[in-house]
Amino acid sequence: MDPVTLIGIVFGGGMILARALLEGGHIEGFIGETAFIIVVGGTIGATMACFSGRDLKSLFPSTTVAFKKPSVSLTDIFEIFGELAVLARREGILVLENHPIPVNSELLKRGVHLVVDGTDPNLLKDMLTTQLATNEMRSKTMASIWSTAGGFAPTIGIIGTVLGLVHVLSNLSEPDKLGGAIAVAFLATLYGVGSANLIYYPIAKKMNHVGKTETQIGLVIIEGLVSIQSGDNPRVVQEKLKCYIEEQEWPALEAQAQAKQAAAP
């Protein structure tokens, strides 16, 4: 699990709550069942109206990527293609068919099978690029659901506040209770703005970030597969892939590659 997302949300909410308590507030004063129902229910309803049932059904399984560590990194791909390129060079491409892939990447596994089957390089690149674009579009759709909820929540909160104020103004016979009633009415706005900026938008941004990272890794995989299929030297294959990795990481990658080569029988 990647705790950064959860830590960020809890830390942000905790700092806001701490600020309120330091000013003399009480936890009980920030709890309002009616405001919670209006904001959460209204936000869910408005968001549901914007997407299909298929999209909504996939939302929570897709959202887990915001709280998990990536299953594969660019450095993993760099090392894997170093091994695959050496094997293909020494024993031929067909040997890759039974070579285990140590990372969970469906794109890489599918690409290796296509390479072994002798798929035309241009067709291989087109097929995998299309798959990558489809995955990226799906990831953006899932992120946009959270972003859409973040857009609706503050407005629904304002609606809840207006409803609360209408109720307050229709009961002016007890002026000593007006202050508390108005404070409860504004809880809806607090819930709406708070949930949007501490939950919905952060999750959407994190999912977009994960999607961009996966796309970058996918491009590296495609580049590596095409390079191996073209019969490039293993060193050339890795030099191509290094273009996708930040320069400050190159020395560490080269050191790891040299260590593996020295340890190899």
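Phenylalanine 36 has a relative accessibility of 49% and therefore counts as partly exposed, a class that lies between buried (under 20% relative accessible area) and exposed (over 50%), as computed with a 1.4 Å probe on protein chains only. The structure is a predicted model, in which local features need pLDDT of at least 70 and side-chain atom pairs count only at pLDDT 80 or more, whereas totals for chains, interfaces and linings use all residues. Residues are numbered from 1 along each chain as its sequence is written, and side-chain values use heavy atoms, with hydrogens and water left out.

A search of the whole structure finds 3 aromatic pairs; rings of Phe, Tyr and Trp (its six-membered ring) pair if their centres lie within 6.5 Å, and planes under 30 degrees apart count as stacked, over 60 as edge-to-face and the rest as tilted. In one of these pairs, the ring centres of phenylalanine 36 and tyrosine 191 are 6.4 Å apart and the planes stand at 80°, so the arrangement is edge-to-face. Phenylalanine 36 belongs to helix α2 (residues 33-48) and tyrosine 191 to helix α9, 155 residues apart; helices are DSSP runs (H or I, at least four residues) numbered from the N terminus. Tyrosine 191 counts as buried, because its relative accessibility is 18%.

Phenylalanine 60 and tryptophan 146 also form an edge-to-face pair, with centres 6.2 Å apart and planes at 85°. The former lies in helix α4 (residues 59-63) and the latter in helix α7 (residues 121-169), so the pair ties together parts that are 86 residues apart in sequence. Phenylalanine 60 is exposed at 58% relative accessible area, whereas tryptophan 146, at 11% relative accessibility, counts as buried. Ring pairs link Phe60, Trp146 and Tyr200 into a cluster.

Helix α9 (residues 187-229) packs with helix α10 (residues 234-242) at an angle of about 160°, their axes being 10 Å apart. Axes are lines fitted to C-alpha atoms over the stretch in contact, and angles run from 0 to 180 degrees between N-to-C directions. The two helices are therefore roughly antiparallel, a term for angles over 145 degrees. Val220, Glu223, Gly224, Ser227 and Ile228 of α9 make the contact with Val237, Lys240 and Leu241 of α10, where contact means heavy atoms within 4.5 Å.

In helix α6 (residues 106-116), the buried residues are Leu107, Leu108, Gly111, Val112, Leu114, Val115 and Val116. Their cover includes α5 (74-91), α7 and α9. Glycine 118, with a positive phi near 80°, follows α6.

Note on methods
Parallel < 35°, antiparallel > 145°, perpendicular 65-115°, else oblique.
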